[in-house]
Amino acid sequence: MADSSVTLETPLIADLGQEAADSRLARVRVGVVAFPGTLDERDAARAVRLAGGTPVPLWYKDSDLQDVDAVVVPGGFSYGDYLRAGAIAAKAPMMTAVARAAQSRGTSGSSPLPVLGICNGFQVLTETHLLPGSMIKNDHLKFLCRDQRLAVESTATPWTAAFEPGEEIVVPLKNQDGQYVADEGTLAELEAEGRVVFRYAGGNPNGSRNGIAGVANARGNVVGLMPHPEHAVEPGFGPSSSGSGPVAMRSGTDGLRIFSSLLHQLVSA
Amino acid sequence: MTEQQFNLDTVEHAADTPDTELPWAELGLKENEFDDVKKILGRRPTAAELAMYSVMWSEHCSYKSSKVHLKQFGQKVTEEMGKDLMVGIGENAGVTDIGDGWAVTFKIESHNHPSYVEPYQGAATGVGGIVRDIISMGARPVAVMDPLRFGAIDHPDTARVVHGVVAGVGGYGNSLGLPNVGGEVEFDPCYQANPLVNALAVGVMRHEDIRLANASGVGNQVILFGARTGGDGIGGASVLASESFDDSKPSKRPAVQVGDPFAEKVLIECCLELFKGSVVEGIQDLGAAGISCATSELASNGEGGMHVDLTQVLLRDPTLTPGEILMSESQERMMAVVSPANMESFERIMEKWDVEYSVLGEVNDSRRLTIEWDGEIIVDVDPRTVAHEGPTYQRPYERPEWQDAVQADRFPGSEADAARPAGTDLRGAVLELMASPNLCSKGWVTDQYDRYVQGNTALAQPDDAGVVRVDEQTGLGVALSTDANPRYAYLDPYEGARASLAEAYRNVATSGARPVAVSDCLNFGSPEDPAIMWQFAEAVRGLADGCMELGVPVTGGNVSLYNQTGGQAINPTPVVAMMGVLDDVGRRTPSGWEADQDGQAIYLLGETAEELDGSEWARLRGHLGGLPPKVDLAAERQLGDMLVNMSRDGMIDSAHDVAQGGLAASLSEACLRFGVGARIGLGEVAERDGVDTFAMLFSESQARAVVAVPRSEEVRFKDMCTARNFPYARIGVVDAENGALDVQGEFSLDLTELREAHEGTLRRHFG
């Protein structure tokens, strides 16, 4: 049957088969989910590879997680953002499997699966109810692409454990529906429990409540983030600034640390 | 079965009723063309045949007014130009060998008329159409670019068009996951009722994956897949793109197509999988003229014939007549030719991607294209007469008598030049220039486009060219720039077209890439006006001559005529897209200096004459007359070669071309690129070239670039210039501390103030 043989089409450009330097990291398998309309799956896979891990393509129609140790739900316009951004993708068999694993299993069988939703992936995670809140159209009503400063506010997730609390990073932001909203009770809870993982720094680009750019679930294994760390992983192709001082043109790689953080958490766990 | 609301006009019926009145004029055919159709068929056409001929013989599809001129692109060629060309003009898009087994295909097209009627959908489907051209060659699209031209920035209708077009380009391209890496934005009253929306797409593939669309192999299946066919865009090519706008006619809104980028994204992946598995013999995209075009072109390109059952077409609107189905320009559709042995694989891939398809017919050896509806033959034609043997016009053209008066009206000495700024007044002049609609920051536009997706963008706006990595292992990549200078072309279409070519060439070379191929989008007024036709003929001649001098071939492109409203034509706008190759995109040259270049020497390459006619400064003073700057393509070629070599050998760390707005714009942009200042002294170079400081700053002499040279490289740099006998002058140093563009002895301009002026303009007008 088509689905079992399905991989993300062999990338024309990226070489996912390249040997990683650290064999312990290389054994970490990170699934990258693709739906129809997903756009950033190659970038997310490249980020995993550059961090030293092994990306594993996951097709939305399947429900076999292929023994991955973590999952990235990448950005794009799954199903064209029709109905609501992320709403249709949330119903895919693969997301049912991801949701189940995120709430139970993990490498050791005891800890839950780490999941990172980026942009549209974040929207999918809120539609799957793994994360609270929702995204609406930017307050300025336009698509906005820019290099965005973020404060890493929580290091209590596998994706951010390698950061210092309050540390600033710069990664690209690009979306039309990026305004994070939630009811007052939820916002208060997120703040009180330290579950605001990323907050916009240097100005709120889209009217998000409390300047929230990313949140975690109560257990901290599931994180959603609107801006795109997978676009800040390689010198020459990223943003032109970084949280840790000046960098050469397009050479900001702050996003890579989110993927490295995960890999190191998993091998040291 | 469809409930028929019309009387089916079969071939048999047409033969029996020679005197039936047909709406050929309403469909855009001229009387002589209708007579030709009858002569070809030996009878009157059926309603469906008339629909096919009318769209395929439209200016937009047949190039009937332009092809006698365009053939120069195929004639004025040298051996050097053909060296890397794998597929030339005439296919969906040309293909160029860039080395290491990689091939690149790129093409630029217009979607002008629809974008005025319905800016969002017009622009969106413009992106969609050009991307399908790229897919049908077997390539994965990797980037897009959009040269846009609008009316006066403060005209009450401009904001409507700007908002719609920019959102449409972004909405479609962003949803496809294609980085938008450049383009142009121009505002000029001549585009008020004729905005220009040109769209470029570039795709990459391995040599062995190149596919040409043709229907060969008797028994092969002809399959329509993708979106269903609806009533949108009917007659788009014939009615919209091939006629001038006229207020007296009813609204043409129904002729604009509606785009669904999600469907197209799925089509991209689906087609790539079809190609990769060699499941298809060929794929033809459906653009202008829809099924009429796809069937007749596939059949015409193949050696046999084709039979199609139109009732098999999956419809969104079941009331469509056969003629409407043939003409519909519904988006996101493709036609594949598949051998019976591959049908199972084809079906499996369609199922994987949830794409609808239907088998319409098959390839045969009749050399005819026959189409049936409910078992009755409604089309029986030689496909070549539809697709390739349409009318050709030798339209009369003549240099208009007003051209002399225009050229005699030089800017220097004119009333507009009465108060030429000097000394400290130059400060205000530079600020005014950099805040003007055509030189202000285009960030408001480009921030609405995704430039990061795919992770291979090495340069994008505001740098001189967009640079995209093709091979992640080696860093091999391509650079692209699109340029036009319609004001120069108005003053002298031949020289103006060559200036556009020179600028695109220079921009690509400035980024460090070796220019290798051209695609062009020729936007002009009505070919029925001999003066406009002269502009067109001159521009094409200029481009063809220029390409030969530069040694780069034209690989394809598009012509958009009838860009005029109420007798007022646009300035002739030949947009040139240049593609270049970088062996390693890591070596690309940025257009400005960074802080760590503090103390590097700034050099001006090339010579400056007082050439202010048609300049941005003249535009600011409301003047358009005289002769455009002289174009010296041998000098451009030498400059380009030096820029590429200097970049590769590490002799320059930044480079920016000097074009519209002259040295004033180049220096301002180079400072603003990374917010790093410079101390400049122009006295010596102005004296060398015999011009005043104002002309030094605002003249638009060609074949110039500003470069920053590391101290350790200055000797090698000067040696190379000297060895090649190319004029150079040290005009200053990078200053990471002063925070200003400091032109010594004249003025100092704080970069914060300059940035506010530069970036505020579009935000102020469009929010």
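Modeller: This is a predicted model. In it, 35 residues of chain A are in contact with 38 residues of chain B.

Biologist: Which elements of chain A give two or more residues to the side that touches chain B?

Modeller: Those are α3 (41–51), β6 (144–152) and β7 (168–175) of chain A.

Biologist: And by class, what is on that side of chain A?

Modeller: The side of chain A that touches chain B has 18 nonpolar residues, eleven charged and six polar.

Biologist: OK, chain A on its own. How many helices and strands?

Modeller: Chain A has seven helices and eleven strands. It runs to 269 residues, and 59% of them count as buried. Of the contacts in chain A with a separation of 6 or more, 74% are between residues 24 or more positions apart.

Biologist: Strand β9 of chain A, residues 196–200: mostly covered or mostly open?

Modeller: Mostly covered, as five of the five residues in β9(A) are buried.

Biologist: What does β9(A) pair with?

Modeller: β6(A) is one partner, joined to β9(A) by three bridges and running antiparallel. A:Val152 stands opposite A:Phe198 there. Strand β10 (residues 212–216) of chain A is also joined to β9(A), antiparallel, by three bridges. In that pair, A:Val196 has A:Val215 as its bridge partner.

Biologist: Switching to chain B. How do α18 and α29 pack?

Modeller: Helix α18 (residues 425–435) and helix α29 (residues 751–766) of chain B pack at an angle of about 30 degrees, and their axes are 7 Å apart. Angles under 35 degrees count as roughly parallel, so α18(B) and α29(B) are roughly parallel to each other. Their crossing is right-handed.

Biologist: Which residues meet there?

Modeller: From α18(B), B:Leu431, B:Met434 and B:Ala435 meet B:Leu754, B:Ala757, B:His758, B:Gly760 and B:Thr761 of α29(B). By class, that contact has five nonpolar and three polar residues, with no charged ones.

Biologist: Now the sheets in chain B. What is the strand order in the six-stranded one?

Modeller: The order is β14-β15-β16-β21-β17-β18 in chain B, an open sheet with mixed pairing. β14 (457–459) and β18 (554–560) of chain B each have a single partner strand, so one side of each is left without a neighbour in the sheet. On average, neighbouring strands of this sheet are turned by 20 degrees against each other, direction ignored.

Biologist: Which way does β17(B) pair with β18(B), parallel or antiparallel?

Modeller: Parallel, over six bridges, with β17 spanning residues 514–523 of chain B. One residue pair is B:Ser519 with B:Gly556 in β18(B).

Biologist: Which strands does α21(B) lie across?

Modeller: Helix α21 (residues 493–510) of chain B lies across β16 (477–483), β17 and β21 (573–582), running at about 25 degrees to β21(B). Helix α22 (residues 530–550) of chain B lies across β17, β18 and β21, at about 175 degrees to β17(B).

Biologist: And the seven-stranded sheet in chain B, what is its order?

Modeller: β23-β25-β22-β26-β24-β27-β28, open, with mixed pairing. Its edge strands are β23 (654–657) and β28 (747–750) of chain B, each pairing on one side only. The twist from one strand to the next averages 20 degrees.

Biologist: How does β23(B) pair with β25(B)?

Modeller: In the antiparallel sense, over four bridges, with β25 covering residues 705–709 of chain B. B:His656 has B:Val706 in β25(B) as its bridge partner.

How values were computed: Residues are numbered from 1 along each chain as its sequence is written. Chains are lettered from A and ligands numbered from 1 in the order in which they are written. This is a predicted model: local features need pLDDT of at least 70, side-chain atom pairs count only at pLDDT 80 or more; totals for chains, interfaces and linings use all residues. Two residues are in contact if their C-beta atoms, placed from the backbone, lie within 7 Å. Ala, Val, Leu, Ile, Met, Phe, Trp, Tyr, Cys and Pro count as nonpolar, Asp, Glu, Lys and Arg as charged, and the others, Gly among them, as polar. A residue is buried if 20 or more other C-beta atoms lie within 10 Å of its own, exposed if 12 or fewer, and partly exposed in between; C-beta atoms are placed from the backbone. Two strands pair if DSSP finds at least two bridges between them. Axes are lines fitted to C-alpha atoms, for helices over the stretch in contact, and angles run from 0 to 180 degrees between N-to-C directions. Angles under 35 degrees count as roughly parallel, over 145 as roughly antiparallel, 65 to 115 as roughly perpendicular and the rest as oblique. A crossing is left-handed if the near helix is turned anticlockwise from the far one by less than a right angle, and right-handed if clockwise.
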